[in-house]
Amino acid sequence: DRILQQYYLEEQGKPRVTPEAIQEQYAKLVKSFVVEEEFGLSHILVETKDDAEKVLEKLEKGMSFTELQNIHSKDRNGLGRKASLGYFRESQLPAAESSTIKNTTVGSYVKVPVFIPNMGFSILFVDDKRKSAPAPLDKVKTRVRGILLTRLALQHVSELYKKYGVILYSPDGTELPTKSVDERLDELKAKKEQTNEGVPEDDKKNDELVRKLKDDTVLAKIGDKMTVTFTDIAAFIKENVNMFRSPGVREYDMLLAALEEYVSRIVVKWEVAKLGVAARPQIKAKVDEAKRSYVAHEMLMDLADKGITEDEIRTKYDQVVSGIDRSKPEIRIRVIPVSSADDGKKAINELKAGKDFDIVMEKYCSDQRFKDRKGDMGYLNEQQLTMLSSELSKAVLSAAKATILLTPVVVNGQMLVVRVEDKRQPEIPPYQQVKQTLRTRIVQEKMIKVTQDKYKEANGIAYDLAGNVIDLADERWAETMSRTAQGPAMG
């Protein structure tokens, strides 16, 4: 259904994707472009932090970066372009090492290793610094066209809302006004920009209304054909949890986003069925191809899983354990999301005065999800804390256990009062506890070998864009396959 809907919406938008429309969309993007400093980086990729420290020692002794790249870097494919990673904006730099990279002069290496999930550790070299600028249209035309198609799809769905008589309702029972694509995008932008200013009073009231909704509360009507209840939307959010439950998204905003997506899928599905889109030969071929791709992916996973031995999982476990830095503590924190800086100060003052954390949580917490688990975030290491917020990481790492941070910390647009509960040396997870996770990781790695074997069995030959035969054992091929192994994208 989703594939059919996607093709249908693209088909509706394509006639309106004219050169003039692309130019207009590009002009809008340029107008909103924010200039940032960019850093041109290259790297030496190694497996462990210990390996990285050894490379840094050799650099300190005067060995050249290029020489060490050739000797140590796992990024063999990158060596042909001097292991260049390209340009990164300041906001794209890893939070923990951001200031160090910024302060490294051009032509010098960064003196701390950078952890890259699922790859290892990188020693970075700053090749260049420059101010960011919008790419010329001819370089980004495909991307601009994609953005324009998305906007046109949203516009077409709005037209279907009118055709099918869609009415959406707020949790308070009032009819929601119909908004243009630009109005909705501006509203989303404004929500993202809410930080220390806190949450408007209306938003707090709306969140409270969501919590009081009954299962049979009607949230939408589609003409006289269908009503949509809170039960329908709650189930839809649960099925698509990664789409809607993002950090910092308020309950009211999450409900409206899910409601709009749910109703949009319904009216587009009806239109697809009415027009007989699925029967069109070119569409049917694409859907059949997608089904084959999905089945192939599942088959490869199954074949890769069957060949895994207990010894392999044990070996992977030993590798993971050896990479745990026991010198850095894990920190257990509890947090109270608050609606404003003023509420944050009040909560902190009450905690400092000795009031019980659970009582303060009940009084000031603005997010039911945190209240349900009593604000307990569990034990987090430095990397996990930094991924949440570099400000949070610095604050809790320097705080003593059983203390409250003196000011609220904003994480992904949500203001948090934070208590550092405990600090401990990292624990080695028991083998049985992580066995299935390790097995899944090995399956993804083995899918590459399984795919290569299937090519050989079928006497398959792969070519690059220049018409040269690709060696299936080549690292570049394995790198490509490792990416496609993450999802149902192979034929």
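A search of the whole structure, which is a predicted model, finds 32 salt bridges. The protein has 20 helices and 13 strands, and of its 491 residues 37% count as buried. Among the contacts with a separation of 6 or more, 72% are accounted for by residues 24 or more positions apart. The protein exposes about 28500 Å², of which carbon and sulfur atoms supply 52%.

**Salt bridges between separate parts of the chain**

- The side chains of Arg16 and Glu159 meet in a salt bridge with an N to O distance of 3.8 Å. This pair links distant parts of the chain, 143 residues apart, with Arg16 in the loop between α1 (2-13) and α2 and Glu159 in helix α6.
- Both partners fall in the intermediate class of accessibility: Arg16 counts as partly exposed at 30% relative accessibility, and Glu159 counts as partly exposed at 36%.
- Lys316 and Glu445 also meet through their side chains in a salt bridge, here at 2.9 Å from N to O. Because Lys316 belongs to helix α13 (residues 310-322) and Glu445 to helix α19, the pair ties together parts that are 129 residues apart in sequence.
- In this second pair, Lys316 is buried, with a relative accessible area of 12%, whereas Glu445 counts as partly exposed at 39% relative accessibility.
- Lys401 forms a salt bridge with Asp422, and the closest N and O atoms of the two are 3.7 Å apart. Lys401 lies in the loop between α18 (390-398) and β11 (403-404), and Asp422 lies in strand β13 (residues 414-424), so this pair ties together parts that are 21 residues apart in sequence.

**Helix α2 and its cover**

- Helix α2 (residues 19-31) has 13 residues, which at 1.5 Å a residue should span 18 Å, and the 18 Å between its end C-alpha atoms agrees with that expectation.
- Within α2, the residues Ala21, Ile22, Gln25 and Tyr26 are buried. These residues cover an arc of only 135 degrees around the axis, and they therefore lie on the same side of α2.
- When residues up to four places away in sequence are not counted, Arg151 touches Gln25, Lys28, Val181, Asp182 and Leu185.

- Ile461, Tyr463 and Val469 make a nonpolar surface patch of about 340 Å². Of these residues, Tyr463 is placed in the loop between α19 (431-457) and α20 (475-484), and at 51% relative accessibility Tyr463 counts as exposed.
- Ala257 lies in helix α11 (residues 251-275) and is partly exposed, with a relative accessible area of 38%. Ala257 and Ile233 are 24 residues apart along the chain, and their C-alpha atoms are separated by 10.0 Å.

Technical notes. Residues numbered from 1 in each chain as written. Predicted model: local features only at pLDDT ≥ 70, side-chain atom pairs only at ≥ 80, totals over all residues. Heavy atoms only, no water. Helix = DSSP H or I, 4+ residues; strand = E, 2+ residues; numbered from the N terminus. Expected span 1.5 Å × (residues − 1). Buried < 20%, exposed > 50% of the residue type's maximum accessible area, 1.4 Å probe, protein only. Arc of directions from axis to C-beta. Contact = heavy atoms within 4.5 Å. Patch = residues over 30% accessible without salt bridge, like charges linked within 9 Å, V, L, I, M, F, W, Y side chains within 5 Å. Areas by Shrake-Rupley, 256 points an atom, 1.4 Å probe, with all protein chains shown as cover. Salt bridge = Lys/Arg side-chain N within 4 Å of Asp/Glu carboxyl O.
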